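Please look over the chain shown here. A short report on its fold goes with it.

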Amino acid sequence: MKRYCIKIFIVCAILLGTSELANAACTQTLSPGAALASAISSAAAGSTICLNSGNYGTVMLGSFTKSPPVIVQSVTAQGASMGLTAQNGANGVTFDSINFSSGGATISNSSTKNITIKNSAFGTSQLVIVTTNFNNNNILIDHNTFGAYNSTGYEGRLTITWGAGAPGPTPSGVTVTNNTFGPGGCSDGIQIGAKSVMIGPGNVFTGMVQGSCSAHVDAIQGYGQGSTSINGNYFTGNTINIGFYDGGSSETITNNVFGPPATVAQNIQLGGVVGMTLAHNTFRNTIVAYGSKAGNSPNSGWIIQNNVLVNSDLIASGDQPGCGANCIVRYNLVDAQSSIAPTGTNIVSGTPTFVGGNPPTTWAGYQLAGSSLGSKAGNDGQDMGANYFVGSTSGTQAPVAPTNLKVQ
């Protein structure tokens with residue numbers, strides 16, 4: 001009998017997954033009106049503070065170090081709401097299933113480390129991370145929703161900035177995975193002005209349309225960024241998917257699916273970038289324009305390879321058009337309605353076959369069928385186009401977000 005009960009528990013755990021069983025047992029439970037910041041500061045490392053539903057005001061974290069981190073979580077999914085300010089050296093805290101819609105959140109100060117915000121909602125509020133003097137500070141933003149925010153200062157629903165002198169000499173240590181940005185709103189999804197920000201895998205950018213307001217409405221905009229990784233994300237229904245208008249260095253854009261945009265426009269604009277890897281992306285109905293503004297450094301040191309273009313164009317544009325000196329273009333699959341300039345070498349001409357039909361209607365549907373042109377035809381032996389898909393049971397999956405962040 002005991003053996004039978006153990007089996008039932010294991011089966012239930014597998015079926016339920018993380019939705020119920022991932023929450024840690026409550027060390028203490030608080031209600032609105034409690035001094036939450038003090039409770040976090042005085043809590044034992046590794047303990048869990050559970051919050052009954054209601055508004056906890058603006059929580060301003062002081063200086064502390066917790067290893068393993070203290071977990072702060074809602075008793076009922078996103079039932080606890082608050083604004084958050086972590087700028088005084090808070091080190092080691094995870095916020096799980098919190099509603100930040102009423103106050104947003106700010107993370108700053110070089111000694112503020114090992115902060116995770118996950119499974120939470122920002123609604124029409126904003127998350128700002130000021131990375132001045134950060135050095136791999138372990139900030140993880142995972143499985144959150146960012147809604148129709150209207151910009152009133154920083155332009156991103158999620159803004160990650162070094163500040164003056166961006167992007168700064170040291171890596172930020174900010175990772176953004178499995179979040180949803182949009183639809184609607186009058187702001188960028190993410191604005192980056194820091195070094196070594198990792199965007200993906202698993203983010204969805206949807207329904208962010210330029211033209212309804214004066215602010216930028218780019219899914220991702222770079223402004224003083226460097227060594228950015230945009231890997232394994234899904235873009236659909238946006239006007240501008242990525243706007244690196246003003247330079248960058250050592251940038252990587254890989255394994256993304258760029259579905260149909262909101263309008264016919266230059267949906268990806270990349271200028272003044274010294275060192276770019278644009279590889280294993282799938283573009284549908286998308287125009288990628290590369291070239292620099294007058295007065296900016298020209299693009300140089302690019303590798304464009306293993307991409308799939310369906311009714312899409314990679315074009316040279318701008319005052320200093322093209323991908324510049326030492327540009328390598330090779331092993332791209334281009335259908336009859338698409339073009340790429342320069343054409344490069346080892347081009348594959350023809351129409352790919354996606355597992356989700358033509359056209360696919362889901363992220364997972366953009367995986368190449370095993371019999372498709374471009375299947376296992378990349379110069380690395382992988383499928384041409386993206387090799388990361390959410391919802392796929394057979395496609396290659398990129399690494400999931402880390403769950404074992406440690407105090408430095």
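## Basis

This is a predicted model: local features need pLDDT of at least 70, side-chain atom pairs count only at pLDDT 80 or more, and totals for chains, interfaces and linings use all residues. Residues are numbered from 1 along each chain as its sequence is written, and side-chain values use heavy atoms, with hydrogens and water left out.

## Overall form

The chain has 37 strands and three helices. Both are DSSP runs, numbered from the N terminus; helices are H or I with at least four residues, strands are E with at least two. The C-alpha trace spans about 60 × 60 × 40 Å along its principal axes.

The radius of gyration is 22 Å, which agrees with the value near 22 Å for a compact globule of 408 residues. That radius is taken over C-alpha atoms, and the globule rule is 2.2 Å times the number of residues to the power 0.38. Among contacts between residues at least 6 apart in sequence, 63% join residues at least 24 apart. Contact means heavy atoms within 4.5 Å.

## Surface and charge

The accessible surface comes to about 16100 Å². Carbon and sulfur atoms hold 54% of it. Areas come from the Shrake-Rupley method with a 1.4 Å probe; for residues, only the protein chains shown count as cover. Of the 408 residues, 50% count as buried. Buried means under 20% relative accessible area, exposed over 50%, and partly exposed in between.

Side chains include 13 positive and 13 negative ones. The centres of the two sets lie 18 Å apart. Lys and Arg count as positive, Asp and Glu as negative; His and the chain ends are not counted. Each charge is placed at NZ of Lys, CZ of Arg, CG of Asp or CD of Glu.

## Strand E14

Strand E14 covers residues 156–161. Six of its six residues are buried. E14 pairs in the parallel sense with strand E11 (residues 127–130) over four bridges. Leu-127 stands opposite Leu-158 in E14.

E14 also pairs in the parallel sense with strand E17 (residues 188–193), over five bridges. There, Ile-160 has Ile-192 in E17 as its bridge partner. Two strands pair if DSSP finds at least two bridges between them.

## Gly-62

Gly-62 sits in the loop between strand E3 (54–61) and strand E4 (64–74). Gly-62 is partly exposed, at 30% relative accessible area. Leaving aside neighbours within four places in sequence, Gly-62 contacts Asn-88, Gly-89 and Ala-90.

Asp-383 is 321 residues from Gly-62 along the chain. Their C-alpha atoms are separated by 49 Å.

Methods
Buried means under 20% relative accessible area, exposed over 50%, partly exposed in between (1.4 Å probe, protein chains only).
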